[in-house]
Amino acid sequence: MANIGGTGGGGAMAGVLDSIKRDLAARLRRAALEAEAAGELPGAPASVPAGEWPPLPVLDVPRERGHGDLASNLALTMAGILNRSPRRVGQALLDHLELQGSLADRVELAGPGFLNFFLSPRWLYRVLEEVQRLGPKYGASNLGGGRRIQVEFVSANPTGPLVVVNARAAAVEDALANLLQAVGFEVEREYYINDAGHQVELLARSLEARLRELLGQTAEVPEEGYPGEYLRDLASDLLQRRGREAVDALLALEPGQRWEVLGREAVAELVAQQRRTLEDYGVQFDVWFSERELRARGVLEEALGVLERRGYTYRHEGALWFRSTALGDDKDRVLIRSGGEPTYLATDIAYHLDKYRRGFHRVIDIWGPDHHGYIARMKSAVEALGQGRDALEVLIVQLVRLLRGGEAVRMSKRGGEFVTMDELVAEVGKDAARFFFLMRSPDSHLDFDLDLARLQSADNPVYYVQYAHARICSIFGRGGPQVPPADRADLSLLRDESELDLMRHLGYFPQEVAGAALGREPHRITRYLLELAGLFHAFYTRCRVLSEDPGLTAARLVLTQAVQTVLRNGLGLLGVEAPEHM
RNA sequence: GCGCCCGUAGCUCAGAGGACAGAGCGUCGGACUUCUAAUCCGAUUGCCGCAGGUUCGAGUCCUGCCGGGCGCGCCA
C-alpha cells in the first residue's frame, strides 16, 4: 500500500498540502544529514542499507490542533535505529532545520519527540486559489499514471431482480471506480452475466411452470427453481408479446429445446431489468460480459490448455483437477466434472484469462461474503495463468440488514421474498441509498435504517450534506454576486476560527481522495463530506457572506465557492446529487 | 474442525503504528426582524471483548481465548 498520508508515495499527488509536506520532508532530510556532518548525530548503523538513510520523513496532520498543522515522527523513528533518546535526536534535527522560504512559520519539539510544524495562514489562501483554479478537477491526481484497472461488480445471476446487497455493492464499487479515475487510473466497469450455467435451465423451467399456470395447466416451479412473483409477470409479458399460439407451440417443443428458448428469453428480460435498475441508480457499465459468449469463443479450452501446459492439472476419477494446493489453496479443485461439464471455477478461470488478455494490469472483483472461501483458489488460478497474485484483488462487501421500526425486515430467499433494489430506491431515493451504503466500510455488516433514510430532516445525513450545497447555491442564486478571482481578493480577512477550519478541511481533500482510492475505502469521502458540511454550517451561522464590507464579502465569496466546488466534487465521486434547492 | 468479517459511549459506527480515543443519534439546556432553522452553540458519555507478545510508542500489528455473523460441494 502506498504511503498515503506521508510524503513517500509517488510524485504525482496533487494539492497544496502535499507540496508543503514534500518541501518540509526534504528540509528535514537535509537537517538530518547536516546534524550528522556536524557530529551531533551518529551515522547510520551498518545494518541500514545504503540509500535508506536517513529514513523518509513522514508528515501527518495531527489530531490535536495544539500539535500544529503537520507533525513528523522522524526523530522517533531515527532514535529507535540510532539507539538514542528521541528528544535528543529531535533537538539535533531542530538545530539544523532551515524554514526560511517554506510555508512553515515555526516548528516545535514536543511530546515524546515529535516535530510539530505551524504553517503560515498563507497556505490556506493557496488552497482557495487552487480550488478556484482547478474547479471540478480539484482533488484529482495522477497516481495511477493511466494504468488500466477493471472493476467488476454486482454480476448477479440473471435469474431475478437485483436485491439490497447488490445495491450496496453497486454504490461502493461505482464510487471506487470514480475514485480510481480521479487519481489517474483508466477504469472499466464490467458486469458479468452468468448466462450459461445450470441455473439458467432452472430459470427456464420455473418460467415454464408460470406459463402453464397462466394457461390453466397444472405445473409447479421445480424444487431448486425460482418461486418469486416476478416470473409470473415475466410469463404474462411473454404471453402477451408472443401470443397464445406461439407460446403453445413453444411449450410443445421437446424439453431441451423449449428450455433453451425460455432460458434465453428470461435471461434477456431479467438482464434488461437489472440494467434499468442500475441505470436508475446512476451506475453505467462499460461492458456487459456474457459467459455464454465466453464459452462460445472457446476461451475455456484455452484456459485449461494454459493450466495444463504450466503443469497445474491432473486427472483423477474421471475428472480434471486443478492443482491449486501448489499455490496456497487448502485443497485441489475440480475443473471438469467426471460427467464432462466444467465447474463454475473453470469458467471463472477462463473469464479471468480473458480479462488479462484485454490488457488490465489489475482486476478488482467484488463478491458477497458467501464467496470469501473462493478467494484463495481464484488467486491461485490467476497465478497459475501466469499473472502475479496481486493482479486480482477481491473485495468482500458484507451483508445488509434492513431495519424498519427498529426491527429487522425478514427476507427469505427460499420463499422468494426479498426486498429488491428497485423497492429500496423507490422507498428512500437513490441519493439516500447510495449515501447510506457509503457511510460504512464495505467489510462491516450494515444495518440500513429505512425510516432514517426516508426521513427528510436534519437527522438524515445525506440531507445534511446536500443542504450545505443548496444553502451555498442560494447565496449565489439571488442577484448573483460576482465571485472575484482568488488572487484579487484579500483572503487574509478570513480570520474567524470557523473560516480557518473550513479552509484547512478544503486543503485535505486531495489526499482524502487519494487515500480513499488507494485504500479501496470510498466511505472516507462520505465522512469527509459530513465533516465539511458541518464546518460550513458552523461558518454560515457565525459569519455572513454578503455584507456591507466589500472586501470581506469578496473573500467570503471565494471561500464559499470553494466549499461548493468541493461538495460537488465529493458528492460526484459518490454518485450523489448536489441539489441547488431543497 | 478449518476459513473470512465483526466486537470502540445507552444506540449506529469512524479511527492511515503515534501525543490526552472521535462523530452522529439519544438525553438535558440555549440560538431565527439577517444569504434556506433540513441549521447552529453548550452540557452529558468509555476496563477500545479478555489475556499475552512485537515496538521508543498498539484501539490499530502478531498469538491464544471469549462472544456475534457468514462460509467451507464434481452448487453457482
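This is a short tour of one chain, stop by stop, with something to select at each.

**Before you start**

You're looking at a predicted model: local features need pLDDT of at least 70, and side-chain atom pairs count only at pLDDT 80 or more, while totals for chains, interfaces and linings use all residues. Residues are numbered from 1 along each chain as its sequence is written, chains are lettered from A and ligands numbered from 1 in the order in which they are written, and side-chain values use heavy atoms, with hydrogens and water left out.

**Stop 1: the whole chain**

Select chain A and zoom out. Along its principal axes, the C-alpha trace spans about 90 × 65 × 40 Å. Switch to cartoon view and you have 20 helices and 15 strands to find. Helices (H or I, at least four residues) and strands (E, at least two) are DSSP runs, numbered from the N terminus.

Now try a surface. Chain A exposes about 26,100 Å², with carbon and sulfur atoms supplying 47% of it; the areas come from the Shrake-Rupley method with a 1.4 Å probe, and for residues only the protein chains shown count as cover. Of the 582 residues, 54% count as buried. Here buried means under 20% relative accessible area, exposed means over 50%, and partly exposed is in between (1.4 Å probe, protein chains only).

Contacts (heavy atoms within 4.5 Å) tell you about the fold too: among those in chain A with a separation of 6 or more, 72% are between residues 24 or more positions apart.

**Stop 2**

Two strands pair if DSSP finds at least two bridges between them.

Click Leu70 and look across to strand 4 for its bridge partner, Phe117. Ala71 stands opposite Asn116. On to strand 3, which runs antiparallel to strand 4 and is joined to it by 6 bridges. One pair to pick out there is Ala110 with Phe114.

Between strands 3 and 4 is a hairpin with 3 residues between the strands, where Gly111 takes a positive phi near 55 degrees. Is strand 4 mostly covered or mostly exposed? Mostly covered: 5 of its 6 residues are buried.

**Stop 2: two loop residues with positive phi**

Select Asn83, in the loop between helix 2 (74-82) and helix 3 (86-96). Its phi is near 60 degrees, a positive value in a residue other than glycine. Asn83 is exposed, with a relative accessible area of 71%.

Then jump to Ser155, in the loop between strand 5 (148-152) and helix 5. Ser155 isn't a glycine either, yet has a positive phi of about 40 degrees. At 15% relative accessibility, Ser155 counts as buried.

**Stop 3: salt bridges**

Side chains of opposite charge can pair when their charged atoms come close. The structure holds 43 salt bridges, each a side-chain nitrogen of Lys or Arg within 4 Å of a carboxyl oxygen of Asp or Glu.

Start with Arg189 and Asp174, whose closest N and O atoms are 2.7 Å apart. This pair links distant parts of the chain: Arg189 is in strand 6 (residues 186-193) and Asp174 in helix 5 (residues 164-182), 15 residues apart. Arg189 is buried at 7% relative accessible area, and Asp174 is buried at 4%.

Next, select Glu393 and Arg520, which meet in a salt bridge (2.5 Å, N to O). Glu393 sits in strand 12 (residues 392-396), while Arg520 is in the loop between helix 18 (497-518) and helix 19 (523-542), 127 residues apart. Both Glu393 and Arg520 are buried.

Now for Arg542 and Asp496, meeting at 2.9 Å, N to O. Arg542 is in helix 19 and Asp496 in the loop between helix 17 (461-477) and helix 18, 46 residues apart. Arg542 counts as exposed, at 55% relative accessibility.

Last, select Arg65, Asp69, Glu497, Asp501 and Arg504 together. Salt bridges that share partners join Arg65, Asp69, Glu497, Asp501 and Arg504 into one network.
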